[in-house]
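Subject: A structure for you to look at

Hi,

I am passing a structure on to you, with some notes on what turned up in it. Have a look first, and then read on.

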Amino acid sequence: KDAISYGLVITDVIPSPGNPNEFRFSGCSRVIGKYHIPNGRVVYDPETETALISYTELWSNGDEDHLAANLKRNGKFSCQSEHGSIQKARKENTMPDDVEHRNQPPFGKYYLGDMDAAMEEE
């Protein structure tokens with residue numbers, strides 16, 4: 001399948017007791033109301049300087065998707081979905097604020113699944 005992406009906002013980050021390399025988080029879609037995440041988990045590996053991220057998206061239409069990804073040192077990750085889709089992501093502050101430039105290569109691919117965010121004026 002082709003890779004897609006859409007905005008994720010991580011909120012309510014809570015360190016795991018007894019493990020300095022693990023934390024839990026909740027989150028939601030960048031465009032309010034599409035989905036929310038009640039159970040995110042991140043485990044950092046200091047030897048590889050990468051992090052394993054796993055979470056469940058609960059969509060407003062009742063769908064549920066379980067995802068897992070390895071976050072790389074450069075802040076990018078590729079997520080494998082339980083439903084077989086591949087989702088590409090990177091920190092939004094590393095991309096242009098301008099709508100026209102944000103929708104051009106190499107940045108446009110990060111907004112394929114979230115055209116509302118792609119067209120949002122900063």
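A term to start with: pLDDT is the predictor's confidence in each residue, on a scale from 0 to 100. You will need it because this is a predicted model, in which local features need pLDDT of at least 70, side-chain atom pairs count only at pLDDT 80 or more, and totals for chains, interfaces and linings use all residues. Residues are numbered from 1 along each chain as its sequence is written, and side-chain values use heavy atoms, with hydrogens and water left out.

The chain has an average pLDDT of 80, and 77% of its residues score at least 70. Helices (H or I, at least four residues) and strands (E, at least two) are DSSP runs, numbered from the N terminus. Confidence is highest in strand 4 (residues 35-45), with a mean of 94, and lowest in strand 1 (residues 3-4), with a mean of 48.

Next, a hairpin. Strand 2 and strand 3 form it, with 6 residues between them. The two pair (DSSP finds at least two bridges) in the antiparallel sense, over 6 bridges. Leu8 has Ser29 in strand 3 as its bridge partner. In the turn, Gly18 has a positive phi of about 85°.

Most residues other than glycine have a negative phi. Asp12, in strand 2 (residues 8-15), has a positive one, near 50°. Glu49 also has a positive phi, near 55°, and lies in the loop between strand 4 and strand 5 (50-59).

Enjoy exploring!
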